[in-house]
Amino acid sequence: MTIVEFLSDRLERLVLQTVFAGAAALFLLLTGTQPGIVILLGIGWFTVSFWMLGVDFLRQKARLRELESIMEGLDKKYLFSECIPRPRNNYERKQQDLMNRAGRAMISAVSDAQAAQREYREYVESWVHEVKAPITAVGLISRSADRETRRKLSKELAKIEAYVERALFYARAESPEKDFIVRETSFKSIVVQAIENHRGLLMENDVRVETEDLNQKVYTDEKWAVFILGQILQNAVRYRSDDPAIVLSGRSLGKRVQLMVSDNGIGIFSHELPRVFDKGFTGSNGRTRTGATGMGLYLSRRLAECLEIDLQITSEAQKGTRLILTFPAKDNLTIL
């Protein structure tokens, strides 16, 4: 709080006090009091008034500094009303009582929301595991169909499996610490699994995949990293060029390592690049390509943050896109 803010809050009181002092001085002068005495009384009155204002200002400033310190030290800010110091007067006591009641109501609402969110997450995970059974059954049944029908069914089933997997990881992202386990793996292992999971999609669209220098060791949750890379591969296929190619290469940065995924696709306009990780953003290219949901890169960035992976993107329209995943040092992680 500044002195200007403090005085502005008391402007009406100061004006009234000044008017009252002026009226009192005029009354004293009209009743025959000597002007010198009136001046001395005025000086004394203003000195005491400003001294009291100064003390009040310093007291309030110290109080606010103390409250701000308490707020900054709290991880859960909504518990602030339960942690503020003892009130100094009846007014503050009544005010704190109201704040405590509001805080308890909010804590109850937050607890209810967290419980509902947890139940929804558990339901989604259960539903995903249940729906995988009929998807697998349909895939087995389709083997008895003719080649063209089997190809079409396999294509659509692959899409369904991708959407189901995305829903599962979206639900898990709400409580990532309960699902991922950081262990030593390699870029080669992650890349091989991601390519295998999307082999049908890559072959169907004649996408050429090249790999370079993938022997680096990395410390991460392999399952989550494979999913993130899979979302990037899906995007590269969706926004491919006439002769699509994807290059996956590794690079060592001392204690950190990078996995770069480059394609020669249609790229992204520069003014849209800052928004590609926003939830639901599809951009100009997404409106012309079927199947774009704006969730792939959003979810990839969200999961990457959980794993302390720095995910960055560069792109140029009609020339291609590059995504760079920088994995953290081993010393900063808990290896299980």
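At what angle do helix α5 and helix α6 pack, and how far apart are their axes?

## Basis of the model

This is a predicted model, in which local features need pLDDT of at least 70 and side-chain atom pairs count only at pLDDT 80 or more, while totals for chains, interfaces and linings use all residues. Residues are numbered from 1 along each chain as its sequence is written, and side-chain values use heavy atoms, with hydrogens and water left out.

## Helices α5 and α6

Helix α5 (residues 90-142) packs against helix α6 (residues 147-172) at an angle of about 165°, and their axes are 10 Å apart. Helices here are DSSP runs of H or I with at least four residues, and strands are runs of E with at least two, numbered from the N terminus. Axes are lines fitted to C-alpha atoms, for helices over the stretch in contact, and angles run from 0 to 180 degrees between N-to-C directions. The angle makes α5 roughly antiparallel to α6 (over 145 degrees).

## Gln96 in helix α5

Gln96 lies in helix α5 and is buried, with a relative accessible area of 14% (buried means under 20%, with a 1.4 Å probe and protein chains only). Leaving aside neighbours within four places in sequence, Gln96 is in contact with Ser81, Ile84, Pro85, Arg86 and Pro87. The C-alpha atoms of Gln96 and Glu82 are separated by 9.0 Å, with the two residues 14 apart along the chain.

## Helices α9 and α11

Helix α9 (residues 222-238) and helix α11 (residues 296-306) pack at about 155°, with axes 9 Å apart; they are therefore roughly antiparallel to each other. Residues of α9 including Trp224, Phe227 and Ile228 meet residues of α11 including Leu297, Leu299 and Leu303. This contact contains eight nonpolar, four polar and no charged residues.

Strand β6 (residues 310-316) pairs with strand β7 (residues 320-327) in the antiparallel sense over seven bridges; pairing requires at least two DSSP bridges. Ile313 has Leu323 of β7 as its bridge partner. Three residues lie between the strands of this hairpin, and Gln318 in the turn has a positive phi of about 70°.

Key:
Angles under 35 degrees count as roughly parallel, over 145 as roughly antiparallel, 65 to 115 as roughly perpendicular and the rest as oblique. Buried means under 20% relative accessible area, exposed over 50%, partly exposed in between (1.4 Å probe, protein chains only). Contact means heavy atoms within 4.5 Å. Ala, Val, Leu, Ile, Met, Phe, Trp, Tyr, Cys and Pro count as nonpolar, Asp, Glu, Lys and Arg as charged, and the others, Gly among them, as polar.
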